[in-house]
Amino acid sequence: MSSKAKLVYFNGRGRMESIRWVLAAAGIEFEEEFLKTKDEYQKLLKDGVLLYEQLPMVEMDGMHLVQTRAIINYVADKAGLQPRDARQRAHVDMYVEGMRDLGELMLPLAFLKPEEFEQRLKQVEDKASKRYLPVYEKALGDGGGGGFLVGTSLTVADVLLLELLLALEERFPKLLSGFPHLQDFKGRLSQEPNIKRFLQPGSQRKAMPDQVYVDTVRSVYNI
Ligand SMILES: N[C@@H](CCC(=O)N[C@@H](CS)C(=O)NCC(=O)O)C(=O)O
């Protein structure tokens with residue numbers, strides 16, 4: 001196994017995108033293997049490297065890591081993006097799990113039929129504006145700790161919040177207008193050197209899913 005992390009997934013966001021964000025914010029270099037065919041997936045199964053026969057999978061530090069949460073937590077722990085204090089860690093987890101709940105609603109968007117798509121989009125907008133963003137707006141406003149969600153330094157919750165805000169803005173360009181702390185947060189965090197690099201064109205950040213991505217996932221999984 002190479003010393004660089006290797007990500008095995010499709011050439012698109014999906015469940016791997018948050019992992020890419022956390023690795024990039026941590027300054028950990030990675031290479032990617034993009035699945036294109038069912039045979040490539042079958043080979044991974046045969047090689048026994050997918051614990052639950054699922055992706056994403058990350059080869060890192062001599063391990064074949066699966067389960068998105070586990071991978072993100074490992075990278076965040078390794079990179080000092082998790083607070084040591086248990087109470088702060090609980091807050092990071094609560095924020096991240098909320099982001100994940102909203103992210104799970106967005107994940108299938110590209111795969112939905114037009115009527116379901118519109119319905120789901122509305123649901124995401126409502127949930128984002130009424131349930132989730134107010135929580136992060138308040139946390140940033142109450143913080144007084146230099147503009148981070150928890151404590152006085154960058155955590156995985158901040159990284160994943162920026163990912164979420166940018167993804168939401170792609171769908172709903174005016175969504176942040178009623179959330180001044182989130183706007184300020186977005187501006188500041190986007191200037192953090194590792195993140196700034198990841199936001200540049202040509203980085204390993206993936207664009208919104210296109211038809212090629214959708215067709216590839218469908219054909220690999222027979223769905
Ligand atoms: N809990 C897992 C879910 C992984 C998952 O559902 N992966 C999809 C691709 S994004 C998959 O491999 N689906 C095929 C299957 O479940 O058999 C995680 O968070 O990593």
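Visitor: How are helix 1 and helix 6 oriented to each other: roughly parallel, roughly antiparallel, roughly perpendicular or oblique?

Guide: Two packed helices are described by the angle between their axes and the distance between the axes. This is a predicted model, where local features need pLDDT of at least 70, side-chain atom pairs count only at pLDDT 80 or more, and totals for chains, interfaces and linings use all residues. Residues are numbered from 1 along each chain as its sequence is written, and side-chain values use heavy atoms, leaving out hydrogens and water. Here helix 1 (residues 17-26) packs on helix 6 (residues 156-171) at about 130°, with the axes 10 Å apart. They are therefore oblique: under 35 degrees is roughly parallel, over 145 roughly antiparallel, 65 to 115 roughly perpendicular, and the rest oblique.

Visitor: Which residues of helix 1 meet helix 6?

Guide: Contact means heavy atoms within 4.5 Å. Glu17, Ser18, Trp21, Val22 and Ala25 do, and their partners in helix 6 include Leu160 and Glu163.

Visitor: What is the strand order in the open sheet?

Guide: Strands of a sheet pair through backbone hydrogen bonds, either parallel or antiparallel. This sheet of four strands runs 2-1-3-4 with mixed pairing, where pairing takes at least two DSSP bridges. Strand 2 (30-34) and strand 4 (63-66) are the edges. Strand 3 (residues 57-60) pairs with strand 4 in the antiparallel sense over four bridges, and Met57 stands opposite Val66.

Visitor: Is Arg13 buried or exposed?

Guide: Buried means under 20% relative accessible area, exposed over 50%, partly exposed in between (1.4 Å probe, protein chains only). Arg13 sits in the loop between strand 1 and helix 1 and, at 14%, counts as buried. Among the residues touching Arg13 are Glu170 and Tyr213.

Notes
Helix = DSSP H or I, 4+ residues; strand = E, 2+ residues; numbered from the N terminus. Axes fitted to C-alpha atoms, helices over the stretch in contact; angles between N-to-C directions. Lists of a residue's contacts leave out its neighbours within four places in sequence.
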